[in-house]
Amino acid sequence: MKTWIDVEEKYYMYAARRQPIVLVRGDGTEVWDENDKRYLDFTAGWAVNNVGHANKEVVQAIVNQANTLMQTSNQFYTIPQLELAQLLVDNSCLDRVFFCNSGAEANEGAVKLARKYGREHLNGAFEIITALNSFHGRTLTMAAATGQPHYQEAWQPLIPGFIHVPFDDIDALKAATTEKTCAILLEPVEAEGGVITPRADYLKNVREWCNDKGILLILDEVQTGMGRLGTLFGYQSFGVEPDIITLAKGLGGGVPIGAILAKEHAALFVPGDHGSTFGGNPLTCAAARATVQYLLDHQVPDRAVTMGKRLRTGLDILATEFECVVEIRGMGLLLAIQFRDNIAADIVAASNEAGLLLNPVRPDTVRIMPPLTVAESEIDEALQLLTQVLGKTVPNG
Ligand SMILES: *Cc1c(COP(=O)(O)O)cnc(C)c1O
């Protein structure tokens, strides 16, 4: 019998290392495969489904908007786009917004803003300092921005103008800053890099340094935004105000949308500078507007704090019970388990079997990022399944 996995093998470019599961539907934290096997989804579409699968309010917004107007181009004003802009600006420290279609694309736009800022205010400074072990996306420019050689080596020559320094090291940042620097671009928590949380004062020190030097602080909140860390935006968890943030993943409740938000002094685009055919179209903006409204109305970021604590407490207990666990890391509902050995793939295979979906973010680390609407009972069930999986995968712990 031909399976969908065979179809993939014949027709699709082999660009993703997939788990052998064909998912067909979801509801909240649960998803089902083609054989109707149920899983708890603690990957959430890679930190996208923050308001849960098939969230009723988001679905209704999409259906209504699809029946009304899906695409116009930015040659015209459209209401969902402007309502979403208002909602994001009114609930953040930023002043203006630009919509695009993905995280990488949002970062591309932010880099253009920073270079324009450098040209207009810093004698043509164009360099942007980013962190080692960061992740900013897969376009050529974001391959250069991302501080991981394995995303870069095959695509030389890289776009120039990116300097990499160790994360969570303010002295390294200071040493790398020159008269050519126009901005510092960081993730508040290095997510794809294995969920690396900086010291509490790191971003504050970076903010002060940017103020001293008159350069921009750009936070890539593609993964940390939209409630994931326990605040609507990650910067709020660290008590700093960036000049620019980028959003994507959780913004649209599952539909592809990205955004750049900037303070007035950094919101430098004028007609002709930047644009997008699909960016800010009524369909994705209606979905995102419903998503953000849901996050606010249901205090979802606060839920990420309480559910995150519950999950964290359970994981900390696992870490004491199983010697194979080196460390539990993270904030809110962006968590990771690091193992002593490179067993993440085995753990994920066993947890698939048990009905719990996890993300093998590094050979020795799994990332845990359920929908922020996850129920207490689902956290407890996931912890139970994990205990089983660890017991089976690593005999004698
Ligand atoms: C996922 C991610 C990106 C890239 O987003 P895409 O939508 O895949 O282009 C950029 N930055 C961070 C921090 C991410 O987690």
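What volume does the largest cavity have? About 40 Å³. Before you go looking for it, please note that this is a predicted model, where local features need pLDDT of at least 70, side-chain atom pairs count only at pLDDT 80 or more, and totals for chains, interfaces and linings use all residues. Residues are numbered from 1 along each chain as its sequence is written, and side-chain values use heavy atoms, with hydrogens and water left out.

**Stop one: the cavity**

Rolling a probe the size of a water molecule over the atoms shows where empty space is left. Here a 1 Å grid is laid over the protein atoms alone: a cavity is a set of points where a 1.4 Å probe fits but cannot get out, a pocket is an open set with protein on both sides within 12 Å along at least five of seven lines, and lining residues have an atom within 4 Å of a point. Grid points are joined across faces, edges and corners, and a volume is the space filled by probe spheres set on the points. By this rule there is one cavity of 30 Å³ or more. To find the largest cavity, select its lining, including Gln71, Phe76, Gln81, Thr277 and Pro282. That lining has two nonpolar, 10 polar and no charged residues (Ala, Val, Leu, Ile, Met, Phe, Trp, Tyr, Cys and Pro count as nonpolar, Asp, Glu, Lys and Arg as charged, and the others, Gly among them, as polar).

**Stop two: a pocket**

Now select Gln81, Val97, Phe98, Phe99 and Phe269, which lie nearest the centre of the second largest pocket among its 24 lining residues. Two or more lining residues come from each of α4 (79-90), β4 (96-100) and β10 (258-262); helices (H or I, at least four residues) and strands (E, at least two) are DSSP runs, numbered from the N terminus. Strand β4 gives the most, with four residues. The volume of this pocket is about 670 Å³, and its lining has 16 nonpolar, seven polar and one charged residues.

**Stop three: the ligand**

Which residues are around the ligand? Select Ser102, Gly103, Ala104, Asn107, Phe135, His136, Gly137, Glu187, Asp220, Val222, Gln223 and Lys249, each with a heavy atom within 4 Å of the molecule. Helix α5 (residues 103-121) gives the most to this shell, with three residues. Zoom in on Asp220, where an N or O atom of the side chain is 2.7 Å from a ligand nitrogen. On Gln223, a side-chain N or O atom is 2.8 Å from a ligand oxygen.

Side chains of opposite charge can pair when their charged atoms come close. Select Glu381 and Arg38, whose side chains meet in a salt bridge (3.0 Å, N to O). This pair links distant parts of the chain, 343 residues apart: Glu381 is in helix α13 (residues 376-393) and Arg38 in strand β3 (residues 38-41). The structure holds 15 salt bridges, each a side-chain nitrogen of Lys or Arg within 4 Å of a carboxyl oxygen of Asp or Glu.

**Last stop: the backbone**

Finish at Gln156 and Pro157, joined by a cis peptide bond with omega of about -5 degrees. Pro157 lies in the loop between α6 (140-145) and β6 (162-165).

Terms used:
Polar contact = N/O pair within 3.5 Å; in protein donor to acceptor, adjacent residues only side chain to side chain.
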